[in-house]
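Morning, everyone. Please look at the sequence and the structure on the screen while I talk.

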Amino acid sequence: QVQLQESGPGLVKPSQTLSLTCTVSGGSITTSYRYWSWIRQSPGKGLEWIVSIGDDGNTYYNPSLKSHTSISRDTSKNQFSLQLSSVTPEDTAVYYCARDRGDWVTDYWGQGTQVTVSS
């Protein structure tokens with residue numbers, strides 16, 4: 001059973017960088033044909049895919065967020081991380097990490113972490 005756990009600060013000031021880490025257990029982030037993703041849900045809105053990293057380290061970005069998004073991974077710790085720079089209150093959301101199968105269907109989710117952007 002794969003488990004994902006998000007961690008990071010719950011409050012970020014406007015213009016700062018939001019940094020979150022997802023720790024994976026029960027499976028390796030280098031397993032073939034798997035993608036590791038960040039998704040968010042803002043108040044009153046649907047789910048929004050942010051970025052993914054594949055088992056080979058290739059990255060895939062939502063074009064509307066790409067300019068201030070980056071994703072990285074630490075295979076020794078079985079973690080992957082999100083950085084969202086120059087945040088505004090519109091980036092306030094519950095942030096989820098998730099695993100996608102080779103067909104991009106999500107099969108595992110983290111529990112989500114609330115991030116509020118406010119001064």
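One definition before we start: a residue counts as buried when its relative accessible area is under 20%. Trp36 comes in at 1%, so Trp36 is buried. Keep in mind that this is a predicted model.

Let me stay with Trp36. It forms an aromatic pair with Phe80. The geometry is tilted, with 5.9 Å centre to centre and 55° between the planes. This pair reaches across the chain: Trp36 sits in strand E4, Phe80 in strand E8, and 44 residues separate them. Phe80 is buried too, with a relative accessible area of 0%.

Phe80 brings us to the core. The largest nonpolar core has 24 residues. Which of them touch the most other members? They are Leu18, Trp38, Phe80 and Tyr95. Several strands each supply at least two residues, among them E3 (18-25), E4 (35-41), E5 (47-54) and E8 (79-84). The largest share comes from E3, with 4 residues.

Now the sheet. Four strands line up in the order E1-E3-E8-E7. The sheet is open, and the pairing is antiparallel. Which strands stand at the edges? Those are E1 (3-7) and E7 (69-74). Each has a single partner strand, so one side of each is left without a neighbour in the sheet. From one strand to the next, the twist averages 20°.

A word on what holds such an arrangement. Strands of a sheet pair through backbone hydrogen bonds.

Look at the middle of that order. E3 and E8 are antiparallel and share 6 bridges. Leu20 stands opposite Leu82 of E8. Thr23 has Gln79 of E8 as its bridge partner.

Next, E7 and E8. Again the strands run antiparallel, joined by 6 bridges. Here Asp74 is opposite Gln79 in E8. The two strands form a hairpin with 4 residues between them. Check Asn78 in that turn: its phi is positive, about 55°.

On to the disulfide. How many are there? The count is 1. Cys22 is joined to Cys97, with 2.1 Å from S to S. Cys22 lies in E3 and Cys97 in E9, so the pair ties together parts that are 75 residues apart in sequence. The torsion about the S-S bond is about 65°, so this disulfide is right-handed. Buried or exposed, these two, Cys22 and Cys97? Both Cys22 and Cys97 are buried.

Now charges. Side chains of opposite charge can pair when their charged atoms come close. The structure holds 4 salt bridges. I will walk through some of them.

Start with Arg40. Its side chain meets that of Glu48 in a salt bridge, 2.8 Å from N to O. Arg40 also forms a salt bridge with Asp91, again listed at 2.8 Å, N to O. This second pair links distant parts of the chain. Arg40 is in strand E4, Asp91 is in the loop between E8 and E9, and they are 51 residues apart. Put together, Arg40, Glu48 and Asp91 are linked in a network of salt bridges.

How accessible are these three? Arg40 has a relative accessible area of 5%, so it is buried. Asp91 counts as buried at 5%. Glu48 is partly exposed, at 25%.

Another salt bridge joins the side chains of Arg101 and Asp103, at 2.7 Å from N to O. Arg101 is partly exposed at 33% relative accessibility. Asp103 is partly exposed as well, with 47%.

Last topic, back to the rings. The count comes to 6 aromatic pairs. Tyr35 and Trp104 make a stacked pair, 3.8 Å centre to centre and 15° between the planes. Tyr35 is in strand E4. Trp104 is in the loop between E9 and strand E10 (106-109), and 69 residues separate the two. Tyr35 counts as buried at 15% relative accessibility. Trp104 is partly exposed, with 37%. Ring pairs also bring in Tyr60, so that Tyr35, Tyr60 and Trp104 are linked into a cluster.

That is my tour. Questions, please.

Methods. Residues are numbered from 1 along each chain as its sequence is written. This is a predicted model: local features need pLDDT of at least 70, side-chain atom pairs count only at pLDDT 80 or more; totals for chains, interfaces and linings use all residues. Side-chain values use heavy atoms; hydrogens and water are left out. A nonpolar core is a set of buried Ala, Val, Leu, Ile, Met, Phe, Trp, Tyr and Cys residues joined through side-chain atoms within 4.5 Å. Buried means under 20% relative accessible area, exposed over 50%, partly exposed in between (1.4 Å probe, protein chains only). Two strands pair if DSSP finds at least two bridges between them. Axes are lines fitted to C-alpha atoms, for helices over the stretch in contact, and angles run from 0 to 180 degrees between N-to-C directions. A disulfide is a pair of cysteine sulfur atoms within 2.5 Å. Rings of Phe, Tyr and Trp (its six-membered ring) pair if their centres lie within 6.5 Å; planes under 30 degrees apart count as stacked, over 60 as edge-to-face and the rest as tilted.
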